[in-house]
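Please keep the sequence and the 3D view open while reading.

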Amino acid sequence: MKKLILPLFCLLAASLAAQAPQYTATTDANRRSSTALRVEEAPKMDGDLSDACWQNAQVMTDFVTNNPVFGLPAGEKTEVRIVYTDEAVYIGAYLYMNDASKIRNDLSRRDATSTADQFHVGLDTYRDRQNAFRFEVTAAGVQRDLRMGPNSIDEAWDAVWDARVKINTDGWCVEMYIPFSAIRFPTTDEQTWGLQFARQVQSSNEFSSYSPVDPTGPGAMPQWADLHGFKNIKPPLRLAFSPYVAAVVQRSPIGNDPPEFANSRSFNGGMDVKWGLSESFTLDATLVPNFGEALSDNTIRNLSPFEVAYEERRQFFTEGTELFNKGEIFYSRRIGGTPPGFYDVSGQLGENEVVVKNPSQTPLYNATKISGRTQNKLGIGWLNAVAQATEAVIRDEETGEERTVSTGELTNYNVMVFDQVLKNNSAVTFTNTNVMRSGGARDANVSALSWNLRDKKNVYEFSGVGRLSQVFNPEQDPVNGGWYHLAMNKISGKWSGGAILAGTDDKYDQRDLAINRRTNFFVQFGRVQYANYQQKGKMLHRYAEMWVENSFLNVPRKWESVEISGYAETRFKNQLLFSGFASTRPVWHWDYFEPRVWGRVLQRPGWVLLQPGITTDVRKHLFCSVNFTFAESPIKNDPYFGVNVQPTWVAGDHLRLSGVFRLSKDHNNFGAIDWSDPDDIIIGRRNVITFDNQLLTELLINPRMNFTLRTRYYWNQIVYREYFHLEDDGSWTHADYAGSGDENFNLFNLDFVYTWQFAPGSFLNIIWKDAIFVGDGIRADRFADNWDKTFSAPQDNSVTVKIIYWLDAGRMLSGKRAT
């Protein structure tokens, strides 16, 4: 079978090359063109379009549907106008509704996904068709802003701007004020920007746009309209300070039997700085940062040999970082994460010694980033952060003497990016990450060169990535490793797909500032995709794709597995979405990483997995997504069952509840349990039950004030049924193992957050966090037992009060007040 894979890729690539384009996308030949009007007097921000400045502005209308069906006239009329002054651009839109009673104006949190009617504005200020600012307003007046890249969306980007809405008998109006200080643009006397308006009508689930965007085309921004008319606009002084003060009270358990707690209080302050170094580049810095408002992680019990990547929740490391993520060698959680020696402290305890203090997070002295794009469309990004050294404190309980143990060195993290936009929506990017530690500890450097080259019609794309890692240890020679990824794809039309070759050597190591999930591999990958967004009978759209992956260990070259997968979905006129995923590894395959010892291998049986799903009508106030998973292998009594339910209930304009409820049971899961003796690795046959329950309650007072309560209970139980010796050929034989790997892993997190935006860019946050962890090896305990144990255990509680005040130095120096 494995000898047939490469010819299959060649046949797939040839068939894709023979496909003629089947789409009609916006191009320079049919691109819409609009003009912004300069006015002397700005409109009054009240959601009323009766101001004189709107009367002579060009009206942009005739929106075209994008989803769920592409290419039809929008069901509701929309009219948009743009004017500007020396200070800002203003957008006024009238969103007509044949039945105004159907306007959805339920509230949501700022920057959160909304189920209300929405109006979107996209501004590609450099008209490179690859980068843009997006501003969104709901019919309830809630704002959201994003940065768009060619293959990513930065949802954490925040700007200070304003919007006002007004609901009328025949629709609703929105006025938007976007100061030039909130965006970046060239300094040329006359400018042309890329432009897009879009509208979401929730009652019909219709998404339409001013410039038609074919979903099967070469991406969204290449299909945007042009916006002319900007003359002699000058970038203002962009200098803003956000000082903060924070008070924290914490009560943490330090003993279970009997329960003991340590109480602590702290009061600190710091500041975020945003400075426009030029019309194109911005410096962001955080001094003595406090990330108390960041939500708790969705921690899981990881049984795999590879690291789990957790979501970044700290605003400084999520906002405006799209440039830094282009090379895919930057994982911001490395900065200020768990000290490298945190888990080694218990192994250094002597007789009668206990751990008094062991910080689980590394404090930062500061973090700074500079990013922007030149008039020649060269994007430049630089990020630097300095992490403090960390120490654990150990006390001898008999003598009272204390000693310190280093758990982390003073560390400097650095990221540099150069991203050059080319013609035909192509680009080439160079990224470098560097980590330097004090005291002769390990240092590391990783470089990545990536590119995507498209033909003139944006039908085909040749892309690739090459990476070089360098690790420097004291008194050792540097260790160099390589990584590559080459792809040829057809990216437009109803039929698309492509082929990939990728691999690394056995020395590649990017773990110091990136996730290092897997190295030493060689992969052949092929994919074919079909998308049709034209209505046919009761089906609004159809989508399907199939892919094949053939994997090898690279050094030495040994075959691992072949995996065949497919996904399909269709949405019907009643807005029900049906989906299905299927995957199989049809033959026995080889796992070179689960044994955790280099040179050893584990044989695994083939398997097949099926995952049907359904999403109900999202136009309703109550809707839900449900997925079922079933998997089986040739081993007797080896099924996997799983269900994933995600309901959302918009209980009213001010109350919203949503949840994620997951339950799975994996029978006869095989994995390493004891590899302390490399010559006698013990493999276990285990049943794994996972219950993950999350509930989010949002009480929305108005567009600028809300309460959120997020709770999560996670239970993972591992019960071992049999133990085996791992043989040299990867097979396993019965073992009379004296140890036990049975485990109950319980986590509970509560995050209660009160947020009040009391002025532009200024917030009061009150955060209460509650955390519980309970773990044991009692295999007889079931869900109810673990639930009782968890909520009977000592809890870690903290309350943080944080005030952030935004000061716009540019407006203060000019004598103007913030809107």
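Helices (H or I, at least four residues) and strands (E, at least two) are DSSP runs, numbered from the N terminus, and two strands pair if DSSP finds at least two bridges between them. This is a predicted model, in which local features need pLDDT of at least 70 and side-chain atom pairs count only at pLDDT 80 or more, while totals for chains, interfaces and linings use all residues. Residues are numbered from 1 along each chain as its sequence is written, and side-chain values use heavy atoms, with hydrogens and water left out.

**The chain as a whole**

- The chain contains 4 helices and 45 strands, and its C-alpha atoms fill a box of roughly 85 × 70 × 55 Å, taken along the principal axes.
- The radius of gyration, taken over C-alpha atoms and compared with a globule rule of 2.2 Å times the number of residues to the power 0.38, is 28 Å for the chain, which agrees with the value near 28 Å that a compact globule of 819 residues would have.
- Of the 819 residues, 52% count as buried, where buried means under 20% relative accessible area, exposed means over 50%, and partly exposed lies in between (1.4 Å probe, protein chains only).
- Among the contacts in the chain with a separation of 6 or more, residues 24 or more positions apart account for 63%, a contact being heavy atoms within 4.5 Å.

**Strands and sheets**

- Strands of a sheet pair through backbone hydrogen bonds, either parallel or antiparallel.
- Strands E37 (residues 640-652) and E38 (residues 655-674) pair in the antiparallel sense over 10 bridges, and these two strands form a hairpin with 2 residues between them; Gly652 stands opposite Leu655 in E38.
- On the other hand, E37 also pairs with strand E36 (residues 622-632), again in the antiparallel sense and over 10 bridges, and in E37 the bridge partner of Thr629 is Gly642.
- An open sheet of 3 strands has the order E18-E21-E22, with antiparallel pairing; strands E18 (353-357) and E22 (402-408) stand at its edges, each with a single partner strand, so one side of each is left without a neighbour in the sheet.
- Neighbouring strands of this sheet are turned by 35° against each other on average, direction ignored, where axes are lines fitted to C-alpha atoms, for helices over the stretch in contact, and angles run from 0 to 180 degrees between N-to-C directions.
- Within that sheet, strand E21 (residues 390-396) pairs with E22 over 6 bridges in the antiparallel sense, and Glu391 stands opposite Ser406 in E22.
- Another open sheet holds 5 strands in the order E2-E4-E5-E11-E10, and its pairing is mixed; strands E2 (37-38) and E10 (162-168) stand at the edges with a single partner strand each, so one side of each has no neighbour in the sheet.
- In this sheet, E4 and E5 run antiparallel and are joined by 7 bridges, with Thr78 standing opposite Leu95 in E5.

**Cysteines**

- How many disulfides does the structure hold? There are 0 disulfides, a disulfide being a pair of cysteine sulfur atoms within 2.5 Å.
- For Cys53, the closest cysteine sulfur is in Cys173, 13 Å away, which is too far for a bond.
- Cys53 is buried, with a relative accessible area of 11%, and Cys624 is buried, with a relative accessible area of 16%.

- Ala74 lies in the loop between strand E3 (64-67) and strand E4 (78-84); its C-alpha atom is 5.1 Å from that of Val64, 10 residues away in sequence.
- Ser108, in the loop between strand E5 (88-96) and strand E6 (118-124), counts as buried at 3% relative accessibility, and its contacts, leaving aside neighbours within four places in sequence, are Thr113, Ser114, Val142 and Leu700.
- Ser450 belongs to strand E25 (residues 443-454) and is buried at a relative accessible area of 12%; beyond four places in sequence, its contacts include Lys326, Ala427 and Gly464.
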